[in-house]
Amino acid sequence: MIFRCAALVVVMLWLSMAPKIVSAQAKTDIPPAPAIDPAERNAFINELVEQHGFDRAEVEQGLAQAKFNQAIYEAIQRPWEAKPWHQYYPIFLTERRLEAGLAFWQQHQETLQRAEQTYGVPAHIIVAIIGVETFYGSYKGNYSVLDALYTLGFHYPPRAKFFRSELREYFLMTREEQLPLTELNGSYAGAMGYGQFISSSYRYYAVDFDGDGVRDLLTNPVDAIGSVANYFAKHGWQTGQPVTLELAPHENHAGLVTSGLKLEQTLQQLLDAGLQLPTDHGLDPAAKAKVFAFEQADGSDYWLGLQNFYAITRYNHSPLYAMVVHQFSQQLKQGR
Ligand SMILES: [Ca+2]
């Protein structure tokens, strides 16, 4: 899983313009962080030493340089994506981002074409992801990745297990890639580089796409393009298939919306339950699908999510995110 990040930086910049009372309220709502549990710290060190061959002093030294960061601790607890669709998409679907995306596509067209041929993931999706995540590398995050994973792994119990695991992956990743443990920056959740890969994703899905012997997602857009495409290929992207289909307004559709992200029904089951589609929809009735609602100011829009919609939620577990990536990708495709 990749933790969205620069997208959040943009949201944070956007929110920083909101009335001051927003940040004041957020601060008072958040309880102080618990102190580190020495037993958890020891278990973490032991695991790296005993299972991954690290030198104990080296891990101790690394952890001693990690600092608790109050801003990171607060950022993880703000429910950015509780926003309704009609407040969410204007943050991302902007003329500026579209122009930057088309320029990025132009600049890297050969690489994007090669990624599409190699992984079966279209250029417009790759360009959309890198644009939504970091505005083409403009907002890769200014938090120390070590501090972020340490803060959330040892001082934020609701997600501590996940972030301690990512901290372990970060020790392994920096050793494997010969990167400096204390010097990498990223999002408040430790996501790094153009495509905002967390350390486990970096280890498992990063590719050296320019063949220079280094997997560099932090400063090399060519490696980033190949790696985003590889991530999608490994998470079930279906080449040539649609992402989602907008549904015409119909009273049946609200009742078909279910929670979660997994596609649990076939298209035929949804049709039997009252889904309305044009007769020439061209989709396989046996394909898995799911109805999603997107809240507008004056009601909801309903969309049918297909396997490729689900694949986008593997990058960031949010239907809003997947829809914004889809719509941005369509703008890019049309603007090309
Ligand atoms: Ca490379």
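Predicted model: local features only at pLDDT ≥ 70, side-chain atom pairs only at ≥ 80, totals over all residues.

Biologist: OK, and how many residues does α13 have?

Modeller: α13 has 14 residues, and from first C-alpha to last it reaches 20 Å, close to the 20 Å expected at 1.5 Å a residue.

Biologist: Is α13 mostly covered or mostly exposed?

Modeller: Mostly covered, with 11 of its 14 residues buried. Among them are Pro221, Asp223, Gly226 and Tyr231.

Biologist: What do those buried residues pack against?

Modeller: They pack against α8 (109-119), α9, α12 (199-205) and α15 (307-313).

Biologist: Let's take α9. At what angle do the axes of α9 and α13 cross?

Modeller: Roughly 110°, and the axes come within 10 Å. That makes α9 roughly perpendicular to α13, because angles of 65 to 115 degrees count that way.

Biologist: Which residues make the contact?

Modeller: From α9, Ile125, Ile126, Ile129 and Ile130; from α13, Ala224, Ile225, Val228, Ala229 and Phe232. By class, this contact has nine nonpolar residues, no polar ones and no charged ones.

Biologist: Switching topic: how many helices and strands does the chain have?

Modeller: The chain has 16 helices and six strands. Its radius of gyration is 21 Å, close to the 20 Å that the globule rule gives for 336 residues, so the chain is as compact as a globular protein of that length.

Biologist: And what percentage of the residues count as buried?

Modeller: Of the 336 residues, 43%.

Terms used
Residues numbered from 1 in each chain as written. Axes fitted to C-alpha atoms, helices over the stretch in contact; angles between N-to-C directions. Helix = DSSP H or I, 4+ residues; strand = E, 2+ residues; numbered from the N terminus. Parallel < 35°, antiparallel > 145°, perpendicular 65-115°, else oblique. Contact = placed C-beta atoms within 7 Å. Nonpolar A, V, L, I, M, F, W, Y, C, P; charged D, E, K, R; others polar. Rg over C-alpha atoms; globule rule 2.2 N^0.38 Å. Buried ≥ 20, exposed ≤ 12 C-beta atoms within 10 Å, placed from the backbone. Expected span 1.5 Å × (residues − 1).
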